Amino acid sequence: MGNIAWVLKMAIRDFRKNFSRLLLFVSSMVIGIAALVGISSFGDNLKNDIENQSKELVGADLVLDNSTPLGSQPTDSIALAQADEINFASMVAFPSSGESRLTQVRVLEGDFPFYGKLETLPVEAESTFRAGGRKALVEKILMAQFNAVVGDSIKVGDVTFVIEGELQKVPGQTGIAATVAPAVYIPMEYAQETGLIQFGSRLKYLRYYQLSDDVNPDELVERYGEQWQEDRIDADTVEDRRRQTGRSFDNLTNFLSLVAFIALLLGCVGVASAVNVFVKEKLASVAVLRCLGVSAWDAMKIYLFQILLMGLVGSVIGSFLGTALQFVLPTVFKDFLPVEVSMAVSWSSVGFGILTGLIVAFLFALLPLLKMRKVSPMATLRPEEGETTLKKDPLRWAVILGILLFIFGFSYILLDGWKAALGFTGFVVFAFAALWAVAIGIMWVIKRFLPISLNYPIRQALANLYRPNNQTVSLIATIGLGTAMISTLFFIQGQLLDEAKFADKEDQPNMLLFDIQDYQVDSVITSVKNRDLPILQQVPIVTMALESINGMTKKGNDTLPDEEKRSRGLYNREFRVTYRDTLISSERLLKGKLRKVENPGDSIFVSFDQGYAMRTGLNVGDEIIFNVQGRPIKTYIGSFRDVKFNQVSTNFLVLFPEGVLNNAPKFHVVITKTKNDRQSADMQAEIVRKYPNISVINLGAIVETLEEILGKISFVIQFMAFFSIATGILVLISSLIISKYQRMRESILLRTLGADSGVVGKINTMEYFFLGSLASLSGIVLSFLATYLLSKFVFQLPFRGPYLEAFMVYLCITILTIILGWLNGRKIIKKAPMEILRG
Amino acid sequence: MSILSVKDVSKTYQSGNRRLTVLDQVNFDIQAGESIAIVGPSGSGKTTLLGLCAGLDSSSTGSVILNGNAFEKLSEDQRAAARSRDVGFIFQNFQLLPTLTALENVMVPLELKKRKDAKERALELLEKVGLKDRVTHYPTQLSGGEQQRVSIARAFANEPKILFADEPTGNLDTETGEMIEDLIFNLNKEKGTTLILVTHDPELAKRTDRIINIKGGKIQEEIHG
């Protein structure tokens with residue numbers, strides 16, 4: 001009978017008694033929805049803010065940049081105002097402490113930024129810095145690192161500046177960028193005096209323009225773009241930056257939404273498992289309703305409506321929490337945000353969250369609810385006939401297909417590509433299937449091989465894992481996946497740091513001196529040797545650009561159809577190459593061979609990094625003409641190398657043979673190995689003092705920066721993984737509460753038969769110990785697999801089993817499960833058996 | 001006029017390689033207004049027969065015709081509709097819906113029939129079974145006897161043509177059991193309903209017009225009262 005009004009009435013009647021339990025069921029999905037709505041709202045607000053603050057992102061209407069001085073440009077006369085900057089990496093020293101560090105020096109002239117401002121402490125430093133004199137603005141992270149205060153000195157090249165102010169914020173710059181390369185601003189009038197503007201310095205010249213409202217910067221790019229391209233000048237407009245930044249953050253929020261979606265899926269497993277228990281308890285009522293003449297579908301709908309209602313309640317609560325969560329997110333992401341993020345309720349995100357919640361509640365609850373259709377009214381007379389199975393039910397497979405399509409559709413929207421969506425769906429299916437298989441396998445093994453001779457509480461606890469109404473599958477799936485996610489993050493982070501630290505082995509270099517001019521090489525080598533340090537490598541570097549590939553110039557390439565066109569970056573790139581006839585330890589020949597130039601006039605064969613060649617479509621045998629300081633040199637690609645870029649070493653995309661570039665203008669890199677931090681610091685101090693233009697990188701500093709960056713990234717990732725873990729815990733709690741009533745009668749029967757509360761408590765504790773252990777171990781095994789795959793294929797690192805970390809994760813999860821289980825069961829243990837039998 | 005006709009009904013179950021015959025070629029007719037008791041030892045097939053007669057299950061062979069409807073020709077949902085229209089049930093373990101109050105439990109069959117006066121009618125019935133003051137109570141708040149009285153009120157709510165009772169006093173003490181028996185027979189007489197009950201209790205069986213004794217899935221004898 002299709003009496004929807006009556007079905008609704010019955011659903012509401014039944015709901016009164018089930019409210020608290022159903023609330024528990026949907027609580028598992030609340031966190032997932034909250035994460036989803038929080039991220040989505042944050043993304044919406046961020047998008048709006050990028051839109052509204054796009055001028056502050058750039059600080060100007062138009063920016064030109066090049067690696068050579070820009071000279072006069074046609075836009076100079078159009079602009080209302082302009083400012084120039086030279087930007088380069090260099091060592092700076094703090095004379096008070098004698099310490100030094102590699103920084104990003106920004107030499108400024110003019111009133112940049114035209115939009116937004118350099119936020120300084122004290123506030124007036126922003127303007128007094130521009131008033132003239134040897135004054136510098138120094139990034140706060142740098143000030144903190146060297147305990148410097150305003151008024152101290154800082155030495156950039158040959159010039160000592162007074163620190164006028166501490167830079168708090170630079171338009172468009174993120175905290176993470178400041179960590180990687182903290183900035184020091186100095187006035188343009190001292191640029192030459194520093195001695196850092198010389199050949200070999202990797203300089204970037206920028207010009208910022210402020211335009212009147214009636215001038216469209218994009219039209220200027222259109223008008224002068226061709227000439228700028230010819231001159232290798234990059235032009236960046238507000239619109240470009242807005243699009244670029246918007247796209248990056250769209251990608252970021254989409255990725256974070258996927259992580260939140262995983263938490264939601266975990267919650268859904270909890271919902272499905274809780275509804276499964278709920279359905280089992282309701283089968284008797286369904287049989288009665290069937291007896292009274294209610295159709296199979298109507299009987300099922302009574303419970304489906306309740307689940308949907310609770311799905312709605314859960315989604316609304318989740319959306320509410322998510323909206324509140326977005327107030328926390330700017331703090332979490334502060335190091336990654338280029339703009340101030342405002343707070344506003346994003347109704348579209350709230351709607352999206354509620355709709356998603358309803359869909360998942362429907363799909364995941366429907367799976368167990370379908371059983372209700374199969375309940376025979378005979379079960380009123382014979383309860384054993386209430387047990388139903390769905391194995392051959394085509395609707396069950398239709399619902400499973402629906403779930404897969406939903407996951408695929410959701411990830412398709414976020415990942416914007418069917419291949420990526422398919423990959424994500426495949427990953428989810430694999431992870432769940434693997435954990436499901438593990439859980440089923442464990443239950444089978446225990447059931448089959450549980451020795452009768454085992455100590456009674458342990459035997460009882462193990463048996464509880466496969467007995468009817470157990471929560472083994474759902475707990476192993478949810479806690480296992482949560483553990484897998486968070487462990488993988490920990491393991492990968494540890495792996496990356498270990499790799500950096502392990503690089504400091506006996507035979508490996510740990511200090512790199514670069515930007516050494518030809519005339520400085522001998523004295524630098526002497527300095528190094530005077531400290532009893534070895535010269536592990538002394539590498540000449542020549543800069544050049546690519547003129548043509550197989551006769552195709554940049555201009556010609558631009559006229560080709562898109563599918564034949566090579567990346568413009570290939571032509572625009574400034575190549576830094578070296579020359580030698582042998583490979584070093586970080587290189588391996590993959591294709592072709594290294595060929596020497598024996599006689600003048602021999603063809604020149606260069607070697608390319610295979611990865612780069614693949615990405616840019618280059619092949620062995622291709623003819624490449626390089627432009628070396630204005631002189632064309634015809635070469636052929638003779639070989640491909642595999643270059644390991646993760647070692648402290650000089651690695652090059654292009655390697656020339658000896659005898660071709662020996663007389664070209666060049667600079668040098670010297671690599672050495674210090675024995676300890678003290679020696680590193682002394683060597684660095686001497687170099688910076690004697691040769692201010694030479695930059696020094698030591699492994700200790702790299703590890704430190706890496707740790708800092710990974711710390712910031714991992715905080716964000718851990719924050720996101722928290723949702724999965726929290727969902728896992730909620731699923732655990734709700735499963736425990738649901739199973740409490742299932743286990744209660746058994747515990748009481750045991751106590752009636754004379755078991756003291758100690759035995760019952762021991763059984764409970766052991767059961768949760770086994771559950772926690774199995775779930776966390778399954779997750780850890782999965783995370784080992786993920787870490788191995790990521791190490792091998794993404795980071796190209798050797799896999800080292802993080803066994804200690806794994807053991808810590810195992811302990812944490814297992815102890816947490818035992819504590820929650822104990823908290824849940826202690827009331828039952830304390831109660832008198834009669835009290836419960838009567839109740 | 002026959003309200004229930006059972007013709008050559010057999011019920012077999014497949015248990016592994018074994019075929020288990022629970023009912024074997026059972027035949028009988030029941031006239032409207034008649035009351036009969038199905039008696040027999042445990043495992044004799046009483047409950048299976050009751051389930052088949054009420055359309056809760058389908059027979060392996062033979063035909064069950066209730067009020068002109070041959071159950072074997074109906075789908076499960078059509079049988080449910082027939083139950084809603086013609087049948088009332090009283091169970092040994094009461095089978096009240098635990099999340100509904102006494103009143104709501106009685107209202108269910110009336111609402112299924114879309115009766116506008118469902119509430120008034122249910123209240124009337126509850127008053128008749130002596131539970132006027134307990135209408136808002138949930139089953140767990142009622143004693144066994146009270147629950148069975150709610151169950152009786154529910155069974156008579158849709159004025160069924162035939163009432164099936166499975167050990168209606170099986171879970172009650174003697175005194176309460178007798179009170180329930182009286183209630184069933186009085187209402188049965190008052191409404192002119194046909195009554196089929198399954199029981200172990202010979203005294204209860206004796207109160208019916210006819211006793212069908214079943215053993216090993218076959219009718220052993222019919223005793224007319």
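**Exercise 1.** With which residue does R13(A) form a salt bridge?

*Solution.* Some ground rules come before we start. This is a predicted model, in which local features need pLDDT of at least 70, side-chain atom pairs count only at pLDDT 80 or more, and totals for chains, interfaces and linings use all residues. Residues are numbered from 1 along each chain as its sequence is written, chains are lettered from A and ligands numbered from 1 in the order in which they are written, and side-chain values use heavy atoms, with hydrogens and water left out.

Step 1: apply the criterion, a side-chain nitrogen of Lys or Arg within 4 Å of a carboxyl oxygen of Asp or Glu. The partner is E104(B), with the closest N and O atoms 3.8 Å apart.

Step 2: place the residues. R13(A) lies in helix 1 of chain A and E104(B) in helix 3 of chain B, so the pair joins two chains. Helices here are DSSP runs (H or I, at least four residues), strands likewise (E, at least two), numbered from the N terminus.

Step 3: check accessibility. Both R13(A) and E104(B) are buried (under 20% relative accessible area; exposed is over 50%, partly exposed in between; 1.4 Å probe, protein chains only).

**Exercise 2.** Locate the salt bridge between E181(B) and R207(B) and classify each residue's accessibility.

*Solution.* Step 1: the closest N and O atoms are 3.3 Å apart.

Step 2: E181(B) sits in helix 6 of chain B and R207(B) in the loop between helix 7 and strand 9, so the bridge ties together parts 26 residues apart in sequence.

Step 3: E181(B), at 9% relative accessibility, counts as buried, while R207(B), at 36%, counts as partly exposed.
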